[in-house]
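The structure goes in first.

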Amino acid sequence: MREPINTDARLALDLALTLRHDGNGGVADDLRDPAGLTAWVRAHPEILPDTAADRADEHREGLPADTARRPVDGDGAAWFTADAAQLTAVRELRAAVRALFARAVRPGEPSPADAARLMPLPEAVRHLNETAARTPTVPVLDWPEGATPVVRQKPVCAGDDLTAALAHAVIAFLASPDRDRLRACHAPRCVRYFLKEHPRQEWCKPSCGNRARVARHHQRHKAPAQADRYPSERPRTARGTG
C-alpha cells in the first residue's frame with residue numbers, strides 16, 4: 001500500500017529536486033536563472049496562495065463597495081516573477097535543505113549531487129530558521145456564508161513571502177514522521193531524494209530500479225570474466241644457489 005505524501009513534504013522534496021541528473025553524467029539546475037525560478041514557483045501554486053486575493057482587492061480600489069471581486073487567473077503564484085535576489089535566496093535555502101536531507105538519510109549515503117560540498121549542519125539549521133522568520137504569520141479565519149470555517153496562515157507584514165513559505169514547509173516536513181521515509185536514490189546516474197511509498201521500495205522510480213539491476217548484473221559477470229582473461233600467475237619457485 002502506497003503511503004500518501006502531504007503538501008509540506010512534497011514541496012520540500014520538490015525544492016531539493018531542482019538539482020537533478022542532466023542525462024549526460026552531470027547535474028542540471030532548474031533554478032539556474034530567475035526564469036527557472038519563475039517557472040518552478042508557477043508550477044507550485046500552493047507556495048503563494050494569498051497573493052492573488054490581495055491583488056484582486058487592489059484592482060477593486062475606487063470601485064463601489066458592492067462591486068464583485070474581479071476573477072483571478074490562477075492564484076498567487078500566477079502573478080509571481082522572480083528577480084535575482086529571490087533566486088539567490090531560494091538557492092541558499094535549497095543548499096540548507098539538501099544538507100539537512102543528507103542528515104535525515106543517515107546512516108545511508110547522501111545524494112551524490114552535492115555530497116562533497118554540503119553546507120555545515122549548524123549553518124543549515126540556522127539558515128532555515130532565519131529564513132522562516134522573515135515573514136511571520138498569523139492564523140486568519142475565513143467563514144463564507146453556507147460554508148465550513150477555514151483557517152489559513154497570513155503574513156503579518158510584507159516580506160520575503162516565497163522563501164519564508166518554503167522554509168515553513170521544510171520545517172514542517174523535517175519535524176514530521178515523514179522524515180523517516182526520506183531516502184537518497186543511488187541508482188546509476190540518479191541524484192534524487194525520495195520518500196519511500198512502500199516498505200520494499202529501494203529506488204525513486206522504476207527506471208532507476210531497472211538501471212540498478214542491470215548495473216548489478218554487469219558487475220557480477222565482470223569479475224569472473226576478468227579472472228578468465230587475466231589468470232593469476234603461479235608463484236615462481238626460487239632457485240637455490242648451491
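I started with the contacts, taking a contact as heavy atoms within 4.5 Å. Among those in the protein with a separation of 6 or more, 59% are between residues 24 or more positions apart.

I note the provenance here: this is a predicted model, in which local features need pLDDT of at least 70 and side-chain atom pairs count only at pLDDT 80 or more, while totals for chains, interfaces and linings use all residues. Residues are numbered from 1 along each chain as its sequence is written, and side-chain values use heavy atoms, with hydrogens and water left out.

Next I looked up the secondary structure, where helices (H or I, at least four residues) and strands (E, at least two) are DSSP runs numbered from the N terminus. I found seven helices and six strands. Their order from the N terminus is α-β-β-α-α-α-α-β-β-α-β-β-α.

For burial I used relative accessible area: under 20% is buried, over 50% exposed, and in between partly exposed (1.4 Å probe, protein chains only). Of the 242 residues, 34% count as buried. The protein exposes about 15,300 Å², of which carbon and sulfur atoms supply 52%; the areas come from the Shrake-Rupley method with a 1.4 Å probe, and for residues only the protein chains shown count as cover.

Then I turned to helix α6. Its expected span is 1.5 Å times one less than its number of residues. For the 14 residues 161-174 that gives 20 Å, and the end C-alpha atoms of α6 are 20 Å apart, which agrees. I listed the buried residues of α6, among them Leu162, Leu166, Ala169, Val170 and Phe173. An α-helix has 3.6 residues a turn, so residues three or four places apart point the same way. The cover over the buried residues of α6 includes α1, α2, α4, α5, β5 and β6.

Which rings pair? I counted rings of Phe, Tyr and Trp (its six-membered ring) as paired if their centres lie within 6.5 Å, with planes under 30 degrees apart stacked, over 60 edge-to-face and the rest tilted. There are two aromatic pairs. Phe101 and Phe173 are edge-to-face, at 5.7 Å centre to centre and 70° between the planes. Phe101 lies in helix α4 and Phe173 in helix α6, so this pair ties together parts 72 residues apart in sequence. Phe101 is buried at a relative accessible area of 0%, and Phe173 is buried at 2%.

Phe101 and Tyr193 are also edge-to-face, at 5.4 Å and 80°. Tyr193 lies in strand β6, so its pair with Phe101 of helix α4 ties together parts 92 residues apart in sequence. Tyr193 counts as buried, at 0% relative accessibility. I logged Phe101, Phe173 and Tyr193 as one aromatic cluster.
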